[in-house]
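Please look through the model below with attention to its charged side chains and their surroundings.

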Amino acid sequence: MTKMDALVLTAVKHMEVQQIDKPEVKDNEVLIETKYAGICGTDHALYNGLPGSAAAVPPIVLGHENSGVVAEVGSKVTDFKIGDRVTVDPNIYCGHCVYCRTGRPELCDNLSAVGVTRNGGLEQYFTAPSTQVYQVPDNVSLKAAATTEPISCAVHGVQLLKLTPYQKALVIGDGFMGQLFVQLLSAYGVHQVDFAGIIDEKLAFNKEKFGVTNTFNTTRDQIPSDYDVVIEAVGLPQTQEQAVNATVKGAQVLMFGVGQPNQEFKMNTYEVYQKQLTIQGSFINPNAFEDSLALLSSGKLDVLSLISHEPSLAQVPDYLDGTAKGVSKAVVKVGA
């Protein structure tokens, strides 16, 4: 059996580079030589023993944001060939639970996921069902393609909203996902997008680069109650409360940021009634990869300017335990 390098989560808060067996491809699978693997908040949660889209049970190889090159295809796979540049939707639905059978697969009772419940991209080669694999457009780099999964999660959130050009929108949270939403809202036709966060440099960058109208530093500025659409991309009680309070009548609030499992925030229920607010959760990314790749290919999304770090496999724990500072987005260079 051929061996390969893999960064294995061996226990809560413990990872190590190991030589493990190169996976064998099944009939309906594709073997992918990993080129890039993104790191996100879900990986941070899994590293710390918290659930992501599902629970990760060590030993497991994380990495659910991936791109690479097809190295082998299973005997029943006809859509891909060796050498194809690809990215992978990690979330695999059962197809037979009540949620799958009623058009809500993201709520699947039997969800599995590449890089969560089965080995993912923080290794030299990984496998995925061919149904989860997507061709990367020729004009999209594999480094950019490794962000297709987080883009698709944001696209799903946008798809849950009713967006029209007249609306004024606010994004709260200046991390990678918040900066994606700034671009997405404009791409989906919203005429004014404002941005709130805690890092002045990021706020100024998004105003200059992506056409943000107004910025607010939430540590010192008062956010007006002025918005038809508010996207909360932090996941803290104080920013969740800010999101609800920033609304006009008839507004929609997308609760995208991931809080702790036991977390709560306060809300004026009369205001929800009187303003006729819609408060919408958003979970993972069903049927959003095609749109995400199209947005990358069209140039309506610029992700490369948001990637701040390119660590090696061995450096990944520093990005999950908080040692690495000033990270906007880290994408691991796995393959040459």
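This is a predicted model: local features need pLDDT of at least 70, side-chain atom pairs count only at pLDDT 80 or more; totals for chains, interfaces and linings use all residues.

Residues are numbered from 1 along each chain as its sequence is written, and side-chain values use heavy atoms, with hydrogens and water left out.

The structure holds 10 salt bridges, each a side-chain nitrogen of Lys or Arg within 4 Å of a carboxyl oxygen of Asp or Glu. One of them joins Glu 65 and Lys 329 at 2.7 Å, N to O. Glu 65 lies in strand E4 (residues 65–73), and Lys 329 in the loop between helix H9 (316–320) and strand E16 (330–333), 264 residues apart. Helices (H or I, at least four residues) and strands (E, at least two) are DSSP runs, numbered from the N terminus. Glu 65 is buried, with a relative accessible area of 0%, and Lys 329 is buried at 3%. Buried means under 20% relative accessible area, exposed over 50%, and partly exposed in between (1.4 Å probe, protein chains only).

Cys 40 is in contact with His 64, Glu 65 and Lys 329, leaving aside neighbours within four places in sequence; contact means heavy atoms within 4.5 Å. Cys 40 is also buried, at 18%.

In another salt bridge, Asp 84 and Lys 81 have their closest N and O atoms 2.9 Å apart. Here Asp 84 is buried at 8%, whereas Lys 81 is exposed at 54%.

Glu 106 is buried yet has no salt bridge; the nearest side chain of opposite charge, Arg 104, is 7.1 Å away. For charge, Lys and Arg count as positive and Asp and Glu as negative; His and the chain ends are not counted.
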